[in-house]
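Hello,

Here is the structure we talked about passing on. Please open it alongside this note.

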Amino acid sequence: MKWRSHLSIGNAIADRFQMSEGERRSFLDGLVEPDRHGERANRPGHSYRVRHHRASDRVIMIHVWMARKSFLRNDTYQGYRHLGMALHYIQDKSTSKGLMGLTHERREKKLAGLTVPQKAIEVGLKKYVSSPEFVRGTIVRTKPKKDLEEIMVQASFRSAAVAAAVLDASQPPLFSKQMSLARRRHALMHTPLAVGSMAVGLSLALAWNSPFPIIVPLPLVLLALILDRPYRQLKRLAEWNGLRRH
Ligand SMILES: [Zn+2]
């Protein structure tokens with residue numbers, strides 16, 4: 001995707017959030033940064049950009065977390081910059097690789113000429129949940145499209161939803177209460193279950209002088225881990241909201 005497309009989606013989102021000049025600048029900087037670094041090739045007379053490798057969902061999530069944590073620390077510059085970078089990759093992920101060369105170039109030029117679908121931005125800003133699970137799902141569901149209008153709609157919609165999720169500073173109601181309850185349950189049940197069954201296995205192994213008993217409690221440990229999944233999700237949500245252990 002061309003800079004012009006990244007920037008026009010970015011500006012549409014910045015308008016909705018009424019970003020200040022400085023905030024908008026760092027946001028837009030982040031939006032074009034992935035295409036900027038060391039990726040220019042020079043030919044006599046002009047230089048051109050070299051397409052960067054597609055970022056994996058994991059890399060996009062890293063930028064999302066960096067953005068979120070920067071905002072929690074009140075480092076808005078890094079917050080907007082990393083948010084911009086995450087959105088850049090999501091927008092690139094919306095475009096199909098297509099054919100390299102002339103047709104591709106022509107399509108990208110055509111794409112850059114399209115206006116941002118405001119409706120898609122609006123829907124994205126409404127349909128979001130401020131949680132890492134939601135953002136992750138949004139990234140995974142971003143599929144490469146061939147149709148130019150579809151690319152623009154998906155890129156705008158997903159970008160707006162992720163921006164809204166990251167920028168939402170309101171804490172879900174009753175969240176800290178829910179969290180401390182889950183922590184207590186976790187401490188009461190899951191940890192002793194996992195540690196205890198391992199300990200049993202280990203002591204049997206020592207007594208029998210054979211490694212076999214260590215394997216016996218493995219299903220139990222696995223079960224404890226599976227039962228623990230909601231707790232781990234909640235823990236990530238606590239981190240997302242800047243809540244620490246007390
Ligand atoms: Zn790119």
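Predicted model: local features only at pLDDT ≥ 70, side-chain atom pairs only at ≥ 80, totals over all residues.

**Overall fold**

The protein chain has twelve helices and two strands. Along the sequence, the order is α-α-β-β-α-α-α-α-α-α-α-α-α-α. So much for the order of elements; next come burial and contacts. The protein chain has 246 residues, and 27% of them count as buried. I also looked at contacts between residues at least 6 apart in sequence. Of these, 76% join residues at least 24 apart.

As background, most residues other than glycine have a negative phi. Two residues are worth a look against that.

Start with glutamine 18. Its phi is near 45°, a positive value in a residue that is not glycine. Where is glutamine 18? It lies in the loop between helix H1 (3-16) and helix H2 (21-32). Glutamine 18 has 8 other C-beta atoms within 10 Å. The cut-off for exposed is 12 or fewer, so glutamine 18 counts as exposed.

Now go to asparagine 74. Phi is positive here too, near 65°, and asparagine 74 is again a residue other than glycine. Asparagine 74 sits in the loop that runs between helix H3 (57-72) and helix H4 (76-94). Is asparagine 74 buried or exposed? It has 7 C-beta neighbours inside 10 Å, so it counts as exposed.

Best wishes

Definitions and conventions
Residues numbered from 1 in each chain as written. Helix = DSSP H or I, 4+ residues; strand = E, 2+ residues; numbered from the N terminus. Buried ≥ 20, exposed ≤ 12 C-beta atoms within 10 Å, placed from the backbone. Contact = placed C-beta atoms within 7 Å.
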